[in-house]
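Subject: Handover of a structure and findings

Dear colleague,

Please find below the structure that I am handing over to you.

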Amino acid sequence: MNKLKRLVLFVSIATSLSVVSQTKADALKDAKITSTATLEMDYKTVLKHTLPSVLDMMGGKDAALKVIEATFEGMKAQGFVFEKADIIGVSEIVKEQGQFRCVVEGYNQMVMSNQRISSKSYLLGIYNETDNYWWFIEAKQLQNDALTQQILPDFKTSLEIPEDDLKMEPIDD
């Protein structure tokens, strides 16, 4: 292989690795922004990072905002408190079906009805190349084939999406 071909190959590999690693860092950053927004009840930021087809199913961004606000107000009235929302890590980025995707592992801890609920859960991240940020959807929603067909028609992935792990324990008074 001549020097020019090796240089072109090296530059191509270095560029693609740089884009993917930057994208992984961005996925982690955007997941943390979304997690913090959830804790702070900043629903507009949460919706910015929600897959648009999910918002469409909810009747658009304004309708989705009203539903989320009402849901959390109702939960808050019942004593619901978010204690933690942490992002643990991001999988490797894959490009499939024309999208950059990853799996984000998160940990949430909440209190409701004298119970502490802790969960390890997963998000599917899809990169929004137009606006340069990540959208997310709860990965467990992808287990519902009818719903998946509505929000991500013909969805297939090579990513391993683990099951959520939920634990509940009573809180002693």
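This is a predicted model: local features need pLDDT of at least 70, side-chain atom pairs count only at pLDDT 80 or more; totals for chains, interfaces and linings use all residues.

Residues are numbered from 1 along each chain as its sequence is written, and side-chain values use heavy atoms, with hydrogens and water left out.

Confidence is given as pLDDT, the predictor's confidence in each residue, from 0 to 100. Its mean for the protein is 86, and 87% of the residues reach 70 or more. Over residues 7-21, however, pLDDT stays under 50, and the model has two contacts (heavy atoms within 4.5 Å) beyond four places in sequence for them.

The protein has five helices and six strands, taken as DSSP runs numbered from the N terminus (helices: H or I, at least four residues; strands: E, at least two). From the N terminus on, their order is α-α-α-α-β-β-β-β-β-α-β. Of the 173 residues, 36% are buried, where buried means under 20% relative accessible area, exposed over 50%, and partly exposed in between (1.4 Å probe, protein chains only). Among contacts with a separation of 6 or more, 56% are between residues 24 or more positions apart.

Helix α4 covers residues 61-77. Its 17 residues should span 24 Å at 1.5 Å a residue, which agrees with the 24 Å between its end C-alpha atoms; the expected span is 1.5 Å times one less than the number of residues. Ala 64, Leu 65, Ile 68 and Phe 72 are the buried residues of α4. Seen down the helix axis, they fall within an arc of 100°, so they line one face of α4; the arc is that of the directions from the axis to the C-beta atoms. These buried residues pack against α2 (43-48), α3 (52-57) and β1 (81-90). The face turned away from them carries the exposed residues Asp 62, Lys 66, Ala 70 and Ala 77. After α4 comes Gly 79, with a positive phi near 95°.

Strands β4 (residues 115-128) and β5 run antiparallel and are joined by six bridges; two strands pair if DSSP finds at least two bridges between them. The two form a hairpin with four residues between them, and Asn 132 in the turn has a positive phi of about 60°. Ile 126 stands opposite Trp 135 in β5. In β5 (residues 133-138), five of the six residues are buried.

With kind regards
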